[in-house]
Amino acid sequence: MRGKGFGKEKRRTDMRREREIFRRFQEETGNRRPYRNAIVRMRKSVPTRVRVKALRQAGLNVFLYPAARVDGCDLLSDSGTGAMTTAQWAELIEGDESYGSNEGYFLLREQLVRTFGEAWRQKDPRRPNLFIFHQGRAAEHALFTIIGKTGNNLIIPSNGHFDTTGANIEANAITAVNLFSKELKQRRDHPFKGDMDVGRLRTLLSEKKQKKQIPLVFLTITNNTGGGQPVSMANIRQVSRISHRNDIPLFFDACRFAENAYFIKQRERGYAKKSIPAIVREMFSHVDGFTVSWKKDGLSNMGGSIVLRPGGLFMKRYPELLEQITDHQILTEGHPTYGGLTGRDLKALARGIATITDEGYLAHRVGQVARFGERLQRAGVPVLTPFGGHAVYLDMNRFFEGTGLAREDYPGIAFTALLLGSYGHRLCELGDFAFGREKDGKQEFPEVNYVRAAIPRLVYEDQDLAACADAIISLYRRREKIPGVVVTYGRDKTLRHFKAQFRLRT
Ligand SMILES: Cc1ncc(COP(=O)(O)O)c(C=O)c1O
């Protein structure tokens, strides 16, 4: 007679065998989306003549072109999440619009501690460590306006300042220095091209006088200006050690912190078995504060912040600045507990930060960017590799090599205009025009010359991106025929790519 235990044991063995059979049939489904559509936006196709007219009215400036007329992929930016999760939409309904100390504010504070670690909990309400702003550049504006008043001839080094970051620094008479990695500049393959060149940081700090002029060191994760490339944990650790040894606080520009953590897990030795939340906490244990645009890895439409680590070097070295940041916030944004955002935004943001470290989401996100990039690469389009987390960067110097066009012809601008006018896909030039400048009537060009295809989070399917890649490939094959542009307005302006006007050279 069979006993009870025998029956249970047999069921367990059968289940184990069955699981094994299922496992054997399982295949990699890397491109399976970890979400499904719950709301969609219908789009109408726009005739080419309508696009061309709108583009001409915008002076061929893709930033000034109406979004309603983009009927292909709008890859102008990954900023300002265009598709939130149903959980975030639910939070919008639950929004608390109280003027002071609304519910969302406390949810956000708690979520920051959960995501970045217990060390980021501020227990003393007289020393706030979270400063909310309506977006990233407003946070940067506050920080650098205040820092700018602490001394003369200040310098802020970074692995790569984003354009608004650099502009906000320089608007306050501080010099923004980009210490791009050698691998990025030499276009060599490397898993962490976003790293800071620590040799150049050491040189900068070796001069006693110069050292005193550095109030902060910055690391942008991932390095948007440097091709969206990730920064390794080893580099974060090293830059932190060097900065702290010199008594200088280290900050992240943390817009894409979760994507950076995913790359560390994928590419850096010793992190494969660590969870994304654990990697994020380790990354943030090395810094004293961060500025952030929540429009990226906050998975939200709007929002930015300065966040300081209680007990960190920034709070120790500049205790008097905390009140100045609060005053700046009150003057420009509103009460510090909402900082220019609605209460419902704050709740959706807290939920977004909780979602973004999901490994399934990150695997799909980074994989989608790579699949798009690989399609271009297979067709010979020169792209920056390995692919970053939020965008594919087309190398304009190589793209137009041998066509006879000069850098002053800004062929990258002409390419983005043709892609939009002819095919309805919007990309943006982040190279010779955006980062170059006119000095004493002469053009100065940046170290990198890209057109960026930034992939918005949760918005497009692979099929949409494949159509965009095919349009790029088609233009690449006819690159000899692409003319340069004449700048008709704004050549000598600051942040000129947002305002300038062009016409195609005929
Ligand atoms: C690295 C980085 N820093 C700062 C910003 C500025 O943020 P915001 O657009 O919210 O002002 C951006 C925006 O794209 C960015 O990519």
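Reader: How far apart do the C-alpha centres of domain 1 and domain 2 lie?

Author: Those C-alpha centres lie 27 Å apart. Domain bounds come from an automatic or database domain assignment, and here domain 1 is 48–71 + 359–504 while domain 2 is 86–356. A word on the model: it is predicted, with local features needing pLDDT of at least 70, side-chain atom pairs counting only at pLDDT 80 or more, and totals for chains, interfaces and linings using all residues. Residues are numbered from 1 along each chain as its sequence is written.

Reader: How many residues does the contact take from each domain?

Author: Two residues are in contact if their C-beta atoms, placed from the backbone, lie within 7 Å. Here, 21 residues come from domain 1 and 19 residues from domain 2.

Reader: Thanks! Is Leu427 buried or exposed?

Author: A residue is buried if 20 or more other C-beta atoms (placed from the backbone) lie within 10 Å of its own, exposed if 12 or fewer, and partly exposed in between. Leu427 is buried, because 27 other C-beta atoms lie within 10 Å.

Reader: Which residues is Leu427 in contact with, leaving aside its neighbours within four places in sequence?

Author: Leu427 is in contact with Leu75, Leu76, Thr416, Leu419, Val451, Arg452 and Ala453.
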